[in-house]
Amino acid sequence: MEKFKSRKPRKYTGTYRPKKEGLEKASGRALYLDDIIRKGKDQNLLFAKMLRCPYPHARIKSIDTTDAEKLPGVKTILTYDDPEVTAFKPSNASWTGLDTRHYESMDWPMYMDRLVLPDTGVWVGDIVGAAVAAESYDIAEKALKLLKIEWEVLPFVLDPEKAMQPDAPVIHPEINPEGNVHPGGGWAGPDVFMDRGDVDKAFAEADEITEVTSKHHNADHAVLDTRGCCVHWEGDRLICWTNLYQGDQARMFLANMFELPVNKVRVCIPWVGGSFGRGNTGDQPFLILTALLARRTGRPVKYKHTRREDFHDTRNALTWTIKMGAKKDGAITAMYFYGIANSGAYADSTMAALKHIPGIEMGECQQAHIPNLRMEGYVVYTNIIPGSCMRGIGNAQVNLAIGLAVDVMAEKLKMDPLELVIKNFGHEWEPLPNESLKACLYGGAKKIGWKDRHGPGETKGVKKRGMGFSFNMGWHSSWQEVARGHVQLGIKLNPDLSLILEAPMVETGVGSNSCAVFACAESLDFLNIKPEDIHWISTVDTDTGYKDMVQTDSAVSFLHAELMPKGAARLKQDLLVICAGYLDTTADKIDIENAVVFFKDDPEKRQKVKDILWDNDIAPVLVTVSEIMPGEKTGIPYIATFADVEVDTETGKVDIIKLVVVNDCGTVMFAPGAEGQQIGGQCMGIGETLTEEIIYDDATGVPLNFNWIDYKIPTMADFPTIEPVLLEVWKGAGEYGACGLGESTTTCTARAVANAIYNATGVRMDEIPFKPEKVLSALSEAAQ
Amino acid sequence: MDKIRMKVNGEWAEFDLTIDFQSSDSLAYVLKEKMGLTGLKVACDEGACGACTIIKDGRAVLSCMLLAVEADGCEIQTIEGLATDDPVVKAFADQCEPGYGTAMQCGYCTPGFVMASKALLNEIPNPTDEQITEKLSGNLCRCGTYPAVRRAVLKAAALKTNQ
């Protein structure tokens, strides 16, 4: 396949080279939580199990632990009414956001709707009532079964629209005693969260109006490395190993909940087997319960979800209705968005999925040139699995609706939808058309063969081919990362010019460590440093004092890299001073190139830097950098996905023949890593579009497929041809001016495929996943 | 039976029932917990994902779905038994061919894929695309590296042929 062409060729970043830790992972030597914390290594280890609510809504009236306590191997049992448990303040699963602020001053405070160990469970799978520490998982599990629990089974509701009815059971009376709609106002903003121009007047004056609805579902992250932790106490210090992806936030959360000084908590995170936004962020009740069990027993306690238990949070189920008005010439004059988000049992980040991304990020950016725009939305509690962040927050859901509105409107106006998009969407800092958007759409159109696209349903025969696309603004440029506060790194140069790089980030697979290492090497070109000379510390350890860059965002692909030129300049200056002392001169009279120091006025007088360092007993040379990202408003580039599908009208099976995934990312930091995201994102994209779906028994509220046999993740056999296209059209601030791309790669897939299905069959189907039975029933309904 | 013996990565190892393991323990448990062979990953524990794949008597098997007692007398190869210059390991590590991405991202499924690929190439030294798909579709990669994995397997086949 074609290599992407870099706008400014660099020595290491943007090139095709192996992943930094490729050999470590390919040889099975990379150690993950389960490899490090094992009974085989530490006979003292205990194992925790936590009671899961078997009902969608139920309260524990009493628990009798007598029989469970008698079971040999059971060390301690915590229950919901234990004074140490009830002393914890309420929390939520999105407690800290990106920042490391106090509980009281968070950027995005969320609803405090979680208790560490409640007496009431609000979904099947909720941690509730009791936690056990025992010599093995089996014993702990048996102990849970020996608990005598008296349940009060409460009425439940699964559907958000039913949950909004006045007679619906109230799920979180402490948040809203009146009903299940999350209170608006305050930090959550008004219900009509954007209203500019005069939408009603614009609709009245529009030549064409469309109204569409798209429903996104609770796809699961389905990460291989199930979540867990191991906690032990060293005196009054809490030591926590975990595979959550946020060391600092987990540390802040534990310190805050246990009311410990921050330096009395140490969080260590090794290689992590995937994340995609799960459990965002460092706040999980199981951390607290495990820490409490460890303190009670005086022994290390490990907790790890089973595969079933790891169905623990999902993409937020969100239904958007969009009304769009346009003039005959294709100028979109008005858009009205109405969203209902099903947060499931806990609020998590669903308010952000509903309002933050679609509103602040897109309403004021992508939709900046739509003169009349109103957005309204409500978040509703139900008794299903909670929604959280998954490869973005709300982007895929709103894209599913915008891409539909555009497709329908273009057909009404008899316009190519690409032209409709280019005519109307961009961002607030630039006039239309947006060059990045144009490049993405025309680039993708060429690769998929858009010019040969036929009209809707115009193919004959049983198997019908069709093409569709969707577009979105990209994700995370530097100005959007200012709110993170400082990015930090440390460069430690050894006397042999090998290097240790402290660029703390939990490596969940996204390749950001490779980006940092390549940027570091090319910044230190004056020392002839190569990527293989750099040891990047893969375990995040909060005891180093460096802030880790949370993988909540693909921005980690450039955050550390942007600091490297400054780090390199400082290191050079320090080396010049050291060498000047040794050479009996001053730093301004010498320079370093190719790892050799020389006199500027007499370049023949030269010496290897290495020799000077070895002789001086001053190495390692340390440099630290701590900076906020540049805040210059540069806008954000675009992304697009094009799909070519075949629909078998006899079986209802949808086959994706080809996907073209286009990302303008400013600067490509790690080419195979970026292409890997573009391709790999489709595992989720295709899955949630065609096969993945959590299925509930409506009568009992019990989820039926919390396993990987019945929850169908794409395999190699399900993968179509995927062509990744990387572009560098837009540029952000800073040396590299890159943006993230991991989230964006799944954003447009479902809509691109849905539009392609329409193009193939002439029938709209707008509730993913497009399983054969749904496709067949839509086709037969349309035929009647 | 109160003891099992198996030849693991070329050396015989012996385990006592009840002392070292229970009759209900999986082969994955004994290899990982008792022998410290941590390369294999237990990600689903129900035979759905392939992360625990090892080679038993020349064939790729799911070590979470085999009881330890079923491995008595068998020859087991885990990823620790492969050399770091093994063509499959090397091909997975080095994959950066334009247009396919890297052959692993988070790496949790990788040891399983490497062992499944190893068994595939032992059986079919020069597999077709269809044969690779057939043999590796029991392994899940949520990071979605399948196209790069396929390239790595083809590369490993070429490396082996040239050795």
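Reply:

Of the 784 residues of chain A, 56% count as buried (20 or more other C-beta atoms, placed from the backbone, within 10 Å of a residue's own; exposed means 12 or fewer, partly exposed in between). This is a predicted model, where local features need pLDDT of at least 70 and side-chain atom pairs pLDDT 80 or more, while totals for chains, interfaces and linings use all residues. Residues are numbered from 1 along each chain as written, with chains lettered from A and ligands numbered from 1 in the order written.

Chain A holds 20 helices and 31 strands (DSSP runs numbered from the N terminus: H or I, at least four residues, and E, at least two). Its C-alpha atoms fill a box of roughly 90 × 75 × 50 Å along the principal axes. Among its contacts (C-beta atoms, placed from the backbone, within 7 Å) between residues at least 6 apart in sequence, 80% join residues at least 24 apart.

Now to your helix, α12 of chain A, residues 417–424: 6 of its 8 residues are buried, so it is largely enclosed by the rest of the structure. The buried ones are P417(A), L418(A), L420(A), V421(A), I422(A) and N424(A). Who covers them?

In chain A, an open sheet of 4 strands with mixed pairing runs in the order β18-β27-β28-β31 (strands pair if DSSP finds at least two bridges between them). β18 and β31 (721–727) of chain A are at its edges with a single partner strand each, so each has one side left without a neighbour in the sheet. From one strand to the next, the twist averages 10° (axes are lines fitted to C-alpha atoms, for helices over the stretch in contact; angles between N-to-C directions run from 0 to 180 degrees).

At the β31 end, β28(A), residues 654–664, runs parallel to β31(A), and 7 bridges join the two. L659(A), for instance, has I722(A) in β31(A) as its bridge partner. The other helix to watch is α13(A): this helix packs on the sheet, touching β18, β27 (638–648), β28 and β31 of chain A. Its direction makes about 30° with that of β27(A).

Technical notes:
Two residues are in contact if their C-beta atoms, placed from the backbone, lie within 7 Å.
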